[in-house]
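Subject: The structure for you to look at

Hello,

Here is the structure I promised to pass on. Please open it next to this message, and then read on for what turned up.

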Amino acid sequence: MTTVALDTGVGPLLRSWRERRRISQLELALRADSSARHISFIETGRSRPSEEMVLRLAGHLEVPVRERNALLVVAGYAPRFTETALDDPAMGALREGLERLLQGYDPYPAFVVDGLYTVVAANQGMTRMLDGVADHLLAPPLNAMRLTLHPEGLAPRILNLREWRADLLAQMERQIALVRSAELRALYEEVAGYPVPDGAAGEADRCAPSSSVPFALPLVIEHGEQVLSFVASIATFNTPMDVTVAELAIETLLPADAATAAHLRSLID
């Protein structure tokens, strides 16, 4: 996944991240054990930051790992964080752990996506939900956003599609603001342009009883003759030191009511 640099030079890039985080030069200096004067000199190009300072500032600004590599390169240093393919033998233990986690969550749906929402692993619970999805959407590489929002995907079965669609697009917008990826922006423009399937305008009335979940926005979806209700959770890795690992997200769908849980369990009995 490539990134788009909005400015040249590490100083303007760091300033952009600081302003995005709504942190003053003084506050950043205090966090980084520096001075506001030094931060100002770095941002204006009057001072070249050391490699350690670039990483320290990036850490306090919560810059994504891929973007930290970009900052280092622009500053004249070698990238610090590797980007190891998930199918690399070195990732064997990680892949095994993810598979065990996904299998353990079955029959509830769970899957893993990368930074472009490509599905890199999924359990049987998730596979069962894809009945009726068009073949071209199931051809590798599967993309979670296309599967969900495409008119030939899950979208026609999602009873609160407008709410769920708005939430997913907002999630993508937040991600774009973080990583400034041209590929992610293109994916967003594609899925945001999908037409809403016929009948979606009345979904609120159709799913009102099942969507009364007080703690989170549910995904209310038809599965055969059943109406299932889920709440979604997303987990990422703590302190990743590899770009690939940093961009992985484990997404799980937790039954929002007893009827949904019972139906899913019945599928494996």
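Helices (H or I, at least four residues) and strands (E, at least two) are DSSP runs, numbered from the N terminus. With that in hand, E62 is found in the loop between α4 and α5.

Two notes on where the values come from. This is a predicted model, so local features need pLDDT of at least 70 and side-chain atom pairs count only at pLDDT 80 or more, while totals for chains, interfaces and linings use all residues. Residues are numbered from 1 along each chain as its sequence is written, and side-chain values use heavy atoms, with hydrogens and water left out.

First, the overall picture. The protein chain has 14 helices and 5 strands, and its C-alpha trace spans about 65 × 45 × 35 Å along the principal axes. Of the 269 residues in the protein chain, 46% are buried (buried means under 20% relative accessible area, exposed over 50%, partly exposed in between, with a 1.4 Å probe and protein chains only). Taking contacts (heavy atoms within 4.5 Å) between residues at least 6 apart in sequence, 59% join residues at least 24 apart.

Now to the helices near the N terminus of the numbering. The axes of α1 (residues 10–20) and α5 (residues 65–74) come within 9 Å and cross at roughly 150 degrees. These axes are lines fitted to C-alpha atoms, for helices over the stretch in contact, and angles run from 0 to 180 degrees between N-to-C directions. The two helices are therefore roughly antiparallel (angles over 145 degrees count as roughly antiparallel, under 35 as roughly parallel, 65 to 115 as roughly perpendicular and the rest as oblique). On the α1 side, V10, L13, L14 and W17 meet E67, L71 and V74 of α5. By class, that contact has 6 nonpolar, no polar and 1 charged residues (Ala, Val, Leu, Ile, Met, Phe, Trp, Tyr, Cys and Pro count as nonpolar, Asp, Glu, Lys and Arg as charged, and the others, Gly among them, as polar).

Helix α4 (residues 51–60) has M53, V54, L55, L57 and A58 buried, and their cover includes α1, α2 (25–31), α3 (36–44) and α5. After α4 comes E62, which has a positive phi of about 55 degrees although it is not a glycine. E62 is exposed, with a relative accessible area of 57%. R22, in the loop between α1 and α2, also has a positive phi of about 55 degrees without being a glycine, and R22 is exposed at 76%.

What about the rings? The ring centres of Y105 and Y108 are 5.6 Å apart with planes at 75 degrees, so the pair is edge-to-face (rings of Phe, Tyr and Trp, its six-membered ring, pair if their centres lie within 6.5 Å; planes under 30 degrees apart count as stacked, over 60 as edge-to-face and the rest as tilted). Y108 is buried, with a relative accessible area of 19%. R20 lies over the face of W17, 4.1 Å from the ring centre (a charge sits over a ring if NZ of Lys or CZ of Arg is within 6 Å of the ring centre and within 35 degrees of the ring normal).

Lastly, the peptide bond from D106 to P107 is cis, with omega near 20 degrees, and P107 lies in the loop between α6 and β1 (110–113).

Best wishes
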